[in-house]
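This report describes how chains meet in a model that is predicted. Please view the structure before reading on.

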Protein chains: 4
Amino acid sequence: MSPRADAARNRARVLEAAQEVFAAEGLGASTEQIARRAGVGVGTVFRHFPTKEALLSAVLAARLETLADEAERLAADGDPGTALFDFLARTVEASGPKVAYADALERAGIGTDQVVAPVRGRVTKAVGVLLERAQQAGAVRDDVAVAQVFVFIHGASRAVPTIADDGVRAATLRMMFDGLRPR
Amino acid sequence: MSPRADAARNRARVLEAAQEVFAAEGLGASTEQIARRAGVGVGTVFRHFPTKEALLSAVLAARLETLADEAERLAADGDPGTALFDFLARTVEASGPKVAYADALERAGIGTDQVVAPVRGRVTKAVGVLLERAQQAGAVRDDVAVAQVFVFIHGASRAVPTIADDGVRAATLRMMFDGLRPR
Amino acid sequence: MSPRADAARNRARVLEAAQEVFAAEGLGASTEQIARRAGVGVGTVFRHFPTKEALLSAVLAARLETLADEAERLAADGDPGTALFDFLARTVEASGPKVAYADALERAGIGTDQVVAPVRGRVTKAVGVLLERAQQAGAVRDDVAVAQVFVFIHGASRAVPTIADDGVRAATLRMMFDGLRPR
Amino acid sequence: MSPRADAARNRARVLEAAQEVFAAEGLGASTEQIARRAGVGVGTVFRHFPTKEALLSAVLAARLETLADEAERLAADGDPGTALFDFLARTVEASGPKVAYADALERAGIGTDQVVAPVRGRVTKAVGVLLERAQQAGAVRDDVAVAQVFVFIHGASRAVPTIADDGVRAATLRMMFDGLRPR
DNA sequence: TATGAATGAGATTTCATTCAT
DNA sequence: AATGAATGAAATCTCATTCAT
C-alpha cells in the first residue's frame with residue numbers, strides 16, 4: 001500500500017468518525033474525541049483538516065454528497081409523481097435528532113464555503129430536476145421553488161426525528177410535506 | 001426604589017440580554033458577553049442564575065411564557081378558523097434564525113426541567129384549545145394532535161427564518177402549515 | 001435594649017457562627033455561610049470584622065481566651081502534680097479533628113496580630129504557672145519550656161482527635177504527653 | 001529523547017513543583033503558580049493531573065513513597081533498637097512547617113484514594129516491622145500499635161517544624177517520641 | 001506522515017469586599 | 001446599624017491548535 005493510500009484511508013476514517021461523533025454529541029464535540037474514535041492522533045486530524053471549521057465543512061460536504069447521489073439516482077429511476085417525496089422522506093429519516101441534515105443545509109445555505117459550494121450545486125440541480133418533474137406531473141404546486149424545498153428539508157429534519165413513535169413520525173412527515181402539494 | 005425592585009430589574013435585564021445574545025451568537029455565547037450586554041458584572045449574572053444551564057432554562061421559560069400568553073389571548077379573542085394559524089405565524093416570525101423557539105420547545109420536550117415544566121403545561125393547554133376550535137371549524141385535519149403542532153412550530157421556526165425575502169418567507173410558512181389543513 | 005447592646009449581640013452571634021462553621025467546614029468556609037448561620041447579612045459580618053483575617057483572628061482569640069480561662073482556673077484550684085496534664089487533656093479533647101486549637105496556636109505563634117497577641121500573653125503566663133508547679137512537684141522534666149508545651153498541644157490537638165475509639169484516643173494522648181514526664 | 005521520556009520528565013517536574021509550592025504556600029496554592037514554577041503551561045499540569053485533587057493525591061503518594069523507601073531501608077539495615085526512632089526523626093525533619101507529612105498521612109488515613117491506597121499499604125507494613133523490632137529490643141512499649149505511631153508522626157510533623165531553633169526542635173522531637181518508650 | 005504532549009486563551013464559577021437602600 | 005445585591009479578581013478546567021520527535 002502506498003503512503004498516499006494510507007493517508008487517504010486516514011482521511012476517510014477521520015471523516016467517518018467525525019460524522020459519528022458529531023451526530024452523537026453535537027457539534028461541540030472535541031477534536032480529541034474524534035481522533036480517538038478514528039484511531040489516530042489529533043495531529044492527524046489537523047493534518048487533513050487544518051481547522052475544526054474545515055472538518056465541519058468536509059462532513060457537511062460528505063452529507064450533501066449523499067443527498068446529491070440519492071437525488072440523482074431518483075431523477076434517473078423514479079416515478080416523476082413520487083420521486084421528490086421519496087427523496088424527502090429518505091433524507092429526513094436518515095437524519096438523527098441531534099445533528100440533522102438540517103445543519104448541513106443551513107450551513108451550506110449560509111457559508112461561502114469553497115468545499116461545500118460545489119456539492120451544493122449538484123444537490124440543487126438534482127433536486128431541481130425532481131421538483132420540476134413533480135410539478136409537471138401535478139404532484140407539487142407550481143409556485144414552489146427549489147430553495148423552499150430545502151427549507152422544508154431543513155425544518156423537517158430538525159423537528160420530525162424528535163418523534164419516537166414510527167407511525168406518528170411518518171404521518172407527521174407526510175403532513176409537513178403535504179403543504180407542497182396542490183390544493 | 002427598594003433594593004428588591006432594583007434586583008428584579010437587574011434580573012430582567014440579564015434575562016433580556018441573554019435572549020438577545022443567545023439569539024445573535026447562538027447558545028454557546030459566553031456569560032461575560034451577556035453580563036456586558038446587560039451592563040452588570042459576571043457575578044450578578046451568577047447571583048440570579050447560579051449556572052449557565054439555569055440561565056438557559058430561564059430564557060427558554062420566558063419564551064414559552066410569551067408563547068403561552070399569545071396562545072391564551074388568541075383562544076379568548078380569535079376567530080376559531082384562523083386563530084391557530086395566526087398563532088403559528090406570529091410564533092415563527094418572532095423567532096430569530098439562530099436560536100428559535102425551536103430550541104425552547106426541543107428542550108422543553110426533553111428536559112425534566114423544574115423551571116420549564118410548568119410553563120410547558122400552560123402552552124400545551126392553550127394551543128390545545130386553539131387546535132380543537134380549528135378542527136371544529138373545519139380549518140385543520142381531525143387527525144392532528146397537539147404534539148404534532150409543536151413539531152411544526154419547531155421545524156418552521158428553525159428553517160423559515162433563514163429566508164431573507166419577506167414575501168417568500170411568508171409564503172413558505174403558509175405552505176408548511178398548509179399541511180395541517182384538510183385536503 | 002440599646003442599639004449598642006444589639007450590635008454587641010450580633011457580634012457575638014457572628015463569632016459563634018464562625019466558630020461552628022470553621023469547625024465544620026474548615027477555614028475555607030465562605031463568609032455568606034457564616035452570615036447565614038448567624039442569621040445576619042454579610043454586610044453585618046464585615047461591619048464587625050472588616051476582613052476575613054480579622055474574623056479569623058477574633059475566633060482564634062476567643063479560643064485562646066477559653067484556654068486561658070481554663071489554665072487560670074486550674075492554676076488556682078488544681079493539684080500541682082496533675083493540673084498541667086488535666087489542662088492538656090481537656091484542651092486536646094475539646095478540639096475537633098477539622099479545626100483544632102492547633103490552628104489557633106499555630107497562628108498565634110506566627111501572627112503579629114494585635115487581637116491575638118494580648119490573649120496569647122495570658123495563656124502563656126497561666127500555662128507557665130501550671131508548668132512550673134508541675135516541675136516543682138516532679139511531674140514534669142525540668143528542661144521543658146512553655147513553648148514546648150504549646151508545641152505538644154499543637155501536635156496533639158491536630159493528630160489525636162483523628163482517632164475514633166475513645167479508649168485508644170485517651171491512651172495515645174497520655175502517651176504523647178508522657179514524653180514530658182521525667183524518666 | 002523520545003516524547004514519552006520528555007513527558008515523563010515534565011510530569012516529574014510538575015510533581016516536584018507542586019511539592020515545593022504546596023510546601024511554601026499551603027495546599028490552597030493555585031495551579032497556575034505550580035505551572036509557572038514547573039516552567040510549563042497550565043494545560044500541561046491538567047494533562048498529567050486531570051483535577052487539582054489528582055495532583056494533590058499524586059503529591060501525597062510521592063511523599064508516602066519516600067516514607068516507605070526510608071522505612072524499608074531502615075528495616076533492612078538498621079539497629080532494631082534505634083531504627084524506628086531514626087525513621088521518625090528523619091520523617092519529621094523532612095516535613096516543612098506548612099505542609100507536613102501530616103497531611104499525607106491524614107488524607108491517606110481518610111481518603112479512599114486509588115492513588116494513595118497502595119502506597120499506604122507499603123508504609124504501614126514497613127513501619128510495622130520497625131515497630132515490632134523496636135518492641136522486641138525493648139526500646140518501645142509493648143502496647144503501642146502502628147496506627148498510634150502514625151498519629152505521633154502526624155502530630156509531630158505538624159507541630160515540631162514550627163520551632164526555628166535547631167537544638168530546641170531536636171529536643172522537642174525526642175521528647176515527643178519518648179512517650180513511646182517504656183517507663 | 002503520524003503522533004500526542006504542550007500551549008494558552010477563554011469559559012464557568014466562587015467569594016471577599018463594597019455600597020446603595 | 002443592618003441588609004443583601006453587585007462587583008470583579010482569581011481559581012479551576014477545556015479545547016483548538018502547534019510542534020518536537
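## Salt bridges between chain D and chain C

A salt bridge is a side-chain nitrogen of Lys or Arg within 4 Å of a carboxyl oxygen of Asp or Glu. Between chain D and chain C there are two salt bridges. One pair that forms a salt bridge is Arg141(D) and Asp178(C), whose closest N and O atoms are 3.6 Å apart. Because the limit is 4 Å, this pair, at 3.6 Å, qualifies.

## The surface of chain D that touches chain C

The contact involves 26 residues from chain D and 26 residues from chain C. Together, chain D and chain C bury about 2,100 Å², and carbon and sulfur atoms account for 63% of this area. On the side of chain D, the residues that lose the most area to chain C are Val151(D), Met175(D) and Arg183(D), which together make up 29% of what that side buries.

Which elements give two or more residues to the side of chain D that touches chain C? They are helix H8 (146-159) and helix H9 (166-178) of chain D. The largest share, seven residues, comes from H8(D). By class, this side of chain D comprises 13 nonpolar, six polar and seven charged residues.

## How chain D and chain C are related

Chain D is superposed on chain C by a rotation of 178° with 0.1 Å of shift along its axis, and the RMSD is 0.4 Å. The two copies are therefore related as by a two-fold rotation axis.

Of the interface residues of chain D, 100% are also interface residues in chain C, so the copies meet through the same surface.

## The contact between chain B and chain A

In the contact of chain B with chain A, 26 residues of chain B touch 26 residues of chain A. The buried area is about 2,100 Å², with 63% given by carbon and sulfur atoms. Val151(B), Met175(B) and Arg183(B) supply 30% of the area that chain B buries against chain A, more than any other three residues.

Chain B and chain A have two salt bridges between them. Arg141(B) forms a salt bridge with Asp178(A), with the closest N and O atoms 3.5 Å apart. Helix H8 (146-159) and helix H9 (166-178) of chain B each supply at least two residues of the side that touches chain A, and H8(B) gives the most, with seven residues.

Terms used: Residues are numbered from 1 along each chain as its sequence is written. Chains are lettered from A and ligands numbered from 1 in the order in which they are written. This is a predicted model: local features need pLDDT of at least 70, side-chain atom pairs count only at pLDDT 80 or more; totals for chains, interfaces and linings use all residues. Side-chain values use heavy atoms; hydrogens and water are left out. Contact means heavy atoms within 4.5 Å. Buried area is the accessible area (1.4 Å probe) that two parts lose on being put together, summed over both. Helices (H or I, at least four residues) and strands (E, at least two) are DSSP runs, numbered from the N terminus. Ala, Val, Leu, Ile, Met, Phe, Trp, Tyr, Cys and Pro count as nonpolar, Asp, Glu, Lys and Arg as charged, and the others, Gly among them, as polar. Copies are superposed by least squares on the C-alpha atoms of residues with pLDDT of at least 70 in both.
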